[in-house]
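Take a look at the structure first, then read on.

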Amino acid sequence: MPGNATPHAVRVPAHALSGLPASETGGRRGRLRQYQMQLLARVQAARSGAVAARKELGVIVGGQHCLLDLTQLGEIVIPAGMQIQGVPLAQDWYLGLAAMRGRLTAIIDLSRYRGGAACALHADSRIITFAPRLGLNCALLVERVLGLRQQHGMVAGAQPVGAAPWARPYSLRDGGQQWLRLDLAQLAQEARFLDAGFGGASLYGEHR
């Protein structure tokens, strides 16, 4: 870990996840938890083959619609009340470390990593962990989870010159919504992603 300064605590503001009168907050949180459980069950079923093959999870990152391979995902977490410990000398896209299921997990703002604006934090924000098989204990902050999407209705677009190989453009066959398909396995191998500290120091610990 670079630097000797003590990490500073950053708490996700509770008001960013409410936006409702006190009398309605409990009901909304209950519905969010129910939706979360249903979505997690569907993701786990899709990974095990119980749901039709070739489905991906749709999310919004930096205002863009993105697709994530279900086999590369771990958990989907609501960040309400979560403490993120900032790390000295880290890049701005490396938000810090959070305790998740007893393990310190690196939280990444992928929008900033791609050179965009910081990921907006609101009631629909989620944190999505990498699957253990990727060998990197980290998670992505996304602005919204859109649910499962079918691949068969999409066609690949032209890859811009110099674009990251782990983010490929796709669109609906009818010319509708544009998507970026994110390959987290490739991202986890990218040198710049692994060296999140200024001066090239890795902040992920042992990732192999």
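Arg 101 counts as exposed, at 72% relative accessibility; exposed means over 50% relative accessible area, buried under 20%, and partly exposed in between, using a 1.4 Å probe and protein chains only. Bear in mind that this is a predicted model, where local features need pLDDT of at least 70, side-chain atom pairs count only at pLDDT 80 or more, and totals for chains, interfaces and linings use all residues. Residues are numbered from 1 along each chain as its sequence is written, and side-chain values use heavy atoms, with hydrogens and water left out.

So what does Arg 101 pair up with in a salt bridge? Its partner is Glu 75, and the closest N and O atoms are 2.8 Å apart. A salt bridge here is a side-chain nitrogen of Lys or Arg within 4 Å of a carboxyl oxygen of Asp or Glu. The two ends sit 26 residues apart: Glu 75 is in strand β4 (residues 73-77), while Arg 101 is in the loop between β6 (94-100) and β7 (103-108). Glu 75 is partly exposed, with a relative accessible area of 26%.

Why might such pairs turn up at all? Side chains of opposite charge can pair when their charged atoms come close.

In total, the count comes to three salt bridges. Another one joins Glu 56 and Arg 181, with 3.0 Å between the closest N and O atoms. This pair links distant parts of the chain, 125 residues apart: Glu 56 belongs to strand β2 (residues 55-61) and Arg 181 to strand β13 (residues 178-182). Are these two residues buried or exposed? Both Glu 56 and Arg 181 are buried.

That leaves Asp 124 and Arg 144, whose side chains meet in a salt bridge at 2.5 Å, N to O. Asp 124 lies in the loop between α2 (110-113) and β8 (126-130) and Arg 144 in strand β10 (residues 144-150), so the pair ties together parts that are 20 residues apart in sequence. Asp 124 is partly exposed at 23% relative accessible area, and Arg 144 is partly exposed too, at 33%.

Now step back to the whole chain. Its secondary structure comes to four helices and 13 strands; these are DSSP runs numbered from the N terminus, with helices being H or I of at least four residues and strands E of at least two. Of its 208 residues, 42% count as buried.
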